Amino acid sequence: MQTLTSLLALASTASAIQGFNYGSTFTTGAAKQQSDFENEFTTAQNLVGTSGWTSARLYTMVQGGTASDPISAIPAAIKTKTTLLLGLWASGGDTSFANEILALKAAIKQYGDDFAKLVDGISVGSEDLYRDSPQGIAAGSNVGVGPDVIVRYIKETKDAIAGTGLEKAPIGHVDTWTAWYNGTNQPVIDACDWIGMDAYPYFQDSMPNDISQAKSLFQDALSKTQQAAGGKSVWITETGHPVSGKTVGQSIASTSNAETYWQDVVCPLLDSKTNLWYYTLQDATPDTPNPSFGIVGNKLQTTPLFDLGCNNTKSSSSSSSSAGASSTASGSSGSGSGSSASATASGSSSTGISGGSPGGVSSGQISSQESATVTPTAIAPGTTGTGSGSSSSGSGSGSNGTFTSPAPSSSSTVPASSGAGLQSGAYAAAFAAIMGAIYAL
């Protein structure tokens, strides 16, 4: 088996990007405004013990509370010199995606080169393939779409930016590593310039997953994704370990284990100059989800909950086994963020979020063809999009309100969003069961 170092050498780029995932709403369902994004971006840039966190991954182009107005994270990024991995929500139906395209075109027209020069890339969808899989459906996840739809939406996105300042922006798709390892999704890989991988060893409870195993589990996920990618660049779009919350399998949520994960997985990623968007800066906004992945608490501040330096030699088994006997129900957890869950190749399904990201889009964007109009008019407050946050809520980038997700199985949990908004790994529990099946391949 290849070492993590050798795998990262394959994934590295000349100039690596470091950032966090940002939802479009708070846990209350209220839409974030420009000042909110500015505060988050500035905090990320000034975190104590680390540096270089100057990129933001978004899950939607649409501002919360509107149908197709550009998200206010864009002017916030321009003001704070934050680069952007743009996201177009792809599981709300053709009308919803048309609104994403409208918002993208409007942003290009409104902000011009000031916007274009900050774009690291464009992601068409987030864990849609997992949510459309038999396992994702059985897990009770929100609607997803198949590879044919994602491929079509990628083409529509390329057509939309042709002849604009974003014409050369690399376009990809974000999904769980299990989705990429599923051969039926090859058409999406073929259509992408880069591949976005979400992986959360914390949720892989169908196999030994205490913190001492996290590095090897992540390494295997990356190896399988790179194998499927066929030489295309693999960007780490979501990964992390919770600072608090329930124990999943043998993996304990704690600041100590989050620091171990940072040392064992994140620091090598940073050293290798691999594009990385960590999950997450803050997900207690203000309610604290279970589990919670934010490296800061419910108070936005530059002092993190654990040491972010990469010079430590902290043992990766420091606090991993005290709850090792906790349930390892098959397929109870997964990886990913936002409203999607981890993808699967085969095996039983389970409920939960796929990783650690909160919600990212509004309920209107989640529901297929909810609106017949494609205009930048306000949407009446309603349920917000789902995410990987707590099972009870996961705000999204759409309208205000709260979203009550389908009741998960007793063995799974869906982490709440770090800034809310549909984010790519909203159903972690489904991930683990699937992983066992993949390992058997």
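Mentor: Happy to; we'll go through strands, aromatic rings, charges over rings and nonpolar cores. First, this is a predicted model, where local features need pLDDT of at least 70, side-chain atom pairs count only at pLDDT 80 or more, and totals for chains, interfaces and linings use all residues. Residues are numbered from 1 along each chain as its sequence is written, and side-chain values use heavy atoms, with hydrogens and water left out.

Trainee: Great. Which strands does β1 pair with?
Mentor: Strand β1 (residues 18-21) runs parallel to strand β8 (residues 276-278), with 3 bridges joining them. Strand β2 (residues 55-57) also pairs with β1 in the parallel sense, over 3 bridges. Two strands pair if DSSP finds at least two bridges between them. Helices (H or I, at least four residues) and strands (E, at least two) are DSSP runs, numbered from the N terminus.

Trainee: And what stands opposite phenylalanine 20 in β8?
Mentor: That's tyrosine 278. In β2, the bridge partner of phenylalanine 20 is alanine 56.

Trainee: Which helix goes with β1 and β2 in a β-α-β unit?
Mentor: Helix α2 (residues 34-45), and the unit is right-handed. Right-handed here means that, with the strands pointing away from the viewer, the path from the first strand over the helix to the second runs clockwise.

Trainee: Switching to β4: how many of its residues are buried?
Mentor: In strand β4 (residues 119-126), 8 of its 8 residues are buried. Buried means under 20% relative accessible area, exposed over 50%, partly exposed in between (1.4 Å probe, protein chains only). β4 runs parallel to strand β3 (residues 83-88), joined by 5 bridges, and to strand β5 (residues 171-176), joined by 3 bridges. β3, α4 and β4 also make a right-handed β-α-β unit.

Trainee: Now the aromatics. How many pairs are there?
Mentor: The count comes to 17 aromatic pairs. Rings of Phe, Tyr and Trp (its six-membered ring) pair if their centres lie within 6.5 Å; planes under 30 degrees apart count as stacked, over 60 as edge-to-face and the rest as tilted. Phenylalanine 97 and tyrosine 153 are stacked, because their ring centres are 3.9 Å apart and their planes are at 5 degrees. Phenylalanine 97 lies in helix α4 (residues 94-116) and tyrosine 153 in helix α7 (residues 147-161), so this pair ties together parts 56 residues apart in sequence.

Trainee: Are those two buried or exposed?
Mentor: Both phenylalanine 97 and tyrosine 153 are buried. Another pair, tryptophan 262 and tyrosine 278, is edge-to-face, at 5.0 Å centre to centre and 65 degrees between the planes. Phe20, Trp53, Trp262, Tyr278 and Phe306 form one aromatic cluster.

Trainee: Which ring does the charged end of lysine 224 sit over?
Mentor: The ring of tyrosine 181, 5.6 Å from its centre. A charge sits over a ring if NZ of Lys or CZ of Arg is within 6 Å of the ring centre and within 35 degrees of the ring normal.

Trainee: Last one: which residues touch the most other members of the largest nonpolar core?
Mentor: Leu86, Phe115 and Leu166, out of 79 residues. The largest share of this core, 9 residues, comes from α4. A nonpolar core is a set of buried Ala, Val, Leu, Ile, Met, Phe, Trp, Tyr and Cys residues joined through side-chain atoms within 4.5 Å.
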